[in-house]
Number of protein chains: 2
Amino acid sequence: MKFTVNRQQFIKKLNDVSRAISTKTTIPILTGLKLVVTDREIIFTGSDTDISIETTLRGDDDATELTVEEPGQIVLSARFFSEIVKRLPEATMTITVKEGFQANITSGAAAFTINGLDANGYPHLPEIDGTDEVNLAGDVFRDIINTTVIAVSNQESRPILTGVHFTLNGDQFMAVATDSHRLSQRKVTLPEAAAETHDVIIPGKSLVELSRMINEDSQDVKMRLSENQVLFMLGDTAFYSRLLEGNYPDTSRLIPSESETTMEIPAPSLLSAIERASLLSHESRNNVVKLTLKANEHLATIFGNSPDVGAVEENLSVVTLAGNDLEISFNPDYLKDALRSFGQSQIKLSFTSALRPFTLVPSEDGDNFIQLITPVRTF
Amino acid sequence: MKFTVNRQQFIKKLNDVSRAISTKTTIPILTGLKLVVTDREIIFTGSDTDISIETTLRGDDDATELTVEEPGQIVLSARFFSEIVKRLPEATMTITVKEGFQANITSGAAAFTINGLDANGYPHLPEIDGTDEVNLAGDVFRDIINTTVIAVSNQESRPILTGVHFTLNGDQFMAVATDSHRLSQRKVTLPEAAAETHDVIIPGKSLVELSRMINEDSQDVKMRLSENQVLFMLGDTAFYSRLLEGNYPDTSRLIPSESETTMEIPAPSLLSAIERASLLSHESRNNVVKLTLKANEHLATIFGNSPDVGAVEENLSVVTLAGNDLEISFNPDYLKDALRSFGQSQIKLSFTSALRPFTLVPSEDGDNFIQLITPVRTF
């Protein structure tokens, strides 16, 4: 095996597959990066068994400056090989593997020899037998991930809640996540209806990595499903994730359909006030802030308190406030996560009572995006 | 006590004294920030007993927007108070202390009440009785600190070596540090001769904090000494540090006066090569790289090696190479630190033998700045 390549182009691909490579794996070869060099391209593979990423550097793209003298394959320590490649002195580098599994890496006057492993010992990627392909606009999909994944559980005691539940029915695509204290749900209407219905739970960790790979230029993401795997295609990159097995709880009945008190406020303004109140709640044992609503006086006040440190009180600049008076307490960190997902929008909060979950929706579109938070009993 | 002030101006002063405040102190009041409010200014104090910083926010500077309604003093939890002040909604804030030691902080609609402590319980700052004042240009002094402090020891077994040794004799100002594996020495000729001679050891940690406070606009730093304390004045800020007690070893005899082999090379080019070689040495137990010099062949080669991972070899682009052939091994991290202190300069390395210390000096000024590194025996 021998090839010369532009170092920056190579590093870009290396970084992509490195997302899937863990140094903590119990399978030693998976700490490695697999390189398969053909006459005209290099295929990079990384995997931690939960996630696998495969990407291709193409010789027909002139920027890659790829010239292959001899095809071949090798597995090289990902961490170590990346550090070397990033520190080489010249714009291009040459990698040669002769007998054994020793790789020679040269660039300018620097010559590294590093020990590799037989690529034949590298696990095979999952096979995706499904043929139904769903197309999603990259920026929309990334937004769906980022606004729902905040609500997944990080407790392994109920593994099913560590994933986001996706359902696809005709042109209706829905994502929902809950850790049983809060819930986030997004609905999107796809431009084209899917041929089959789908119902899958994708691990939150996989989705976080996937969303980081979706570029600002928002290329389309193609999704294909098999029984226990999902494959996302992003241009020349394939992203595989295992699916979580089991039945996701029925979340539709958790979302209240009526409310007694409503409040409208710009999300950033409420976020700043909650951040201030949580400075104090974080110092107390039960991390709770209190909100009192008095519609007649048009007064919404947030309270934070820590016996050791002190207290904070702030009147919110609400746009509208209507319905019954209410005093409700909750974990401010849940509300902060939820508020960040609304960006600069104005939002509407709907409350039923002090012990029932309350909801947040964008004022302009209350049907397709909802965040729900369960209050905390303080009496 | 009651005053209103521009929040950003206040935060700047807060950040300055916060450098001296540790959350790990065993004296509870020292986790606090002391504020003394007079009719026309606020004096901020922070201390961890090793370092103390005092700075003044002046009402006669219009940018501070300071209006004092009632003078007074208080100690407030530094960490917590900083977080609050940074998150307040408006450009100004008002702080009120009524009876007891509770402080009221208001800005816009946000109102915090936090518990403080009696400022009378705060330790007094050291008294500096010396009257001899040394003036140093800020940028020069910062450079002296940053290039010598790299060589201080972080082993408490020989506390004296955790400091930088400063001597002042007439107009000759010298700083030297060594951890017994390497040494860094700077000499500067002052524009004015000092009246007294001085010989002090300042803790490396104090100097690191001090150098961070010397701004790019390189104001003068005034230094005053007493028996066990040093005071640096930077504009409106006073920086106190304790001195280390004891006799610093005589380092002058460590610096070789002759050499058998010399090499000249741009510092950045040698630094890159050493960084590459250390990628491998870091993976092996004894973190050593080898340099071979063959003047007749104009060949200087650096080798790094790790039995598990692999090896690297690189021919250096030397400018000059003269004298005996040599093979020498050393800790690359010491050489990296030393090389960084030379910036973009071309440097001259002088070697005596494989087991004797070698030196690095700028090619243009070999007398006033020297780095010395002790090699490692590998046979």
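The 33 positive and 52 negative charges of chain A have mean positions that are 6 Å apart. This value, like the others below, was computed from a predicted model. Chain A has 379 residues, and 51% of them count as buried.

**Overall build of chain A**

- Chain A contains 6 helices and 26 strands.
- Its C-alpha atoms fill a box of roughly 80 × 50 × 40 Å along the principal axes.
- The accessible surface of chain A is about 17600 Å², and carbon and sulfur atoms account for 43% of that surface.
- Take the contacts in chain A between residues at least 6 apart in sequence: 67% of these contacts join residues at least 24 apart.

**An annotated span**

- An unreviewed UniProt entry gives residues 1-126 of chain A the annotation "domain: DNA polymerase III beta sliding clamp N-terminal".
- In the model, this span of residues 1-126 is 17% helix and 44% strand.

**Nonpolar cores**

- The largest nonpolar core has 109 residues, and A:Phe10 and A:Phe81 touch the most other members of it.
- Helix H5 of chain B, residues 267-281, supplies the largest share of this core, with 8 residues.
- A second, separate core has 108 residues, and among them are A:Leu270, B:Leu161, B:Ile202 and B:Leu210.
- Apart from neighbours within four places in sequence, A:Phe81 is in contact with A:Phe10, A:Leu14, A:Leu33, A:Leu35, A:Leu76, A:Ile95, A:Ile105 and A:Ile114.

**Helix H4 of chain A**

- Helix H4 of chain A spans residues 204-213 and is largely enclosed by the rest of the structure, because 7 of its 10 residues are buried.
- The buried residues in H4(A) are A:Gly204, A:Ser206, A:Leu207, A:Glu209, A:Leu210, A:Ser211 and A:Met213.

**One residue of chain B: B:Glu83**

- B:Glu83 is part of helix H2 of chain B, which covers residues 78-87.
- The relative accessibility of B:Glu83 is 31%, so B:Glu83 counts as partly exposed; that class lies between the buried limit of under 20% and the exposed limit of over 50%.
- B:Glu83 and B:Glu283 are 200 residues apart in sequence, and their C-alpha atoms are 41 Å apart in space.

Notes
Residues are numbered from 1 along each chain as its sequence is written. Chains are lettered from A and ligands numbered from 1 in the order in which they are written. This is a predicted model: local features need pLDDT of at least 70, side-chain atom pairs count only at pLDDT 80 or more; totals for chains, interfaces and linings use all residues. Side-chain values use heavy atoms; hydrogens and water are left out. Helices (H or I, at least four residues) and strands (E, at least two) are DSSP runs, numbered from the N terminus. Buried means under 20% relative accessible area, exposed over 50%, partly exposed in between (1.4 Å probe, protein chains only). Contact means heavy atoms within 4.5 Å. Accessible areas come from the Shrake-Rupley method with a 1.4 Å probe; for residues, only the protein chains shown count as cover. Lys and Arg count as positive and Asp and Glu as negative; His and the chain ends are not counted. The place of a charge is taken as NZ of Lys, CZ of Arg, CG of Asp or CD of Glu. UniProt positions are given in the numbering used here, feature names are shortened, and annotations may be inferred rather than shown by experiment. A nonpolar core is a set of buried Ala, Val, Leu, Ile, Met, Phe, Trp, Tyr and Cys residues joined through side-chain atoms within 4.5 Å.
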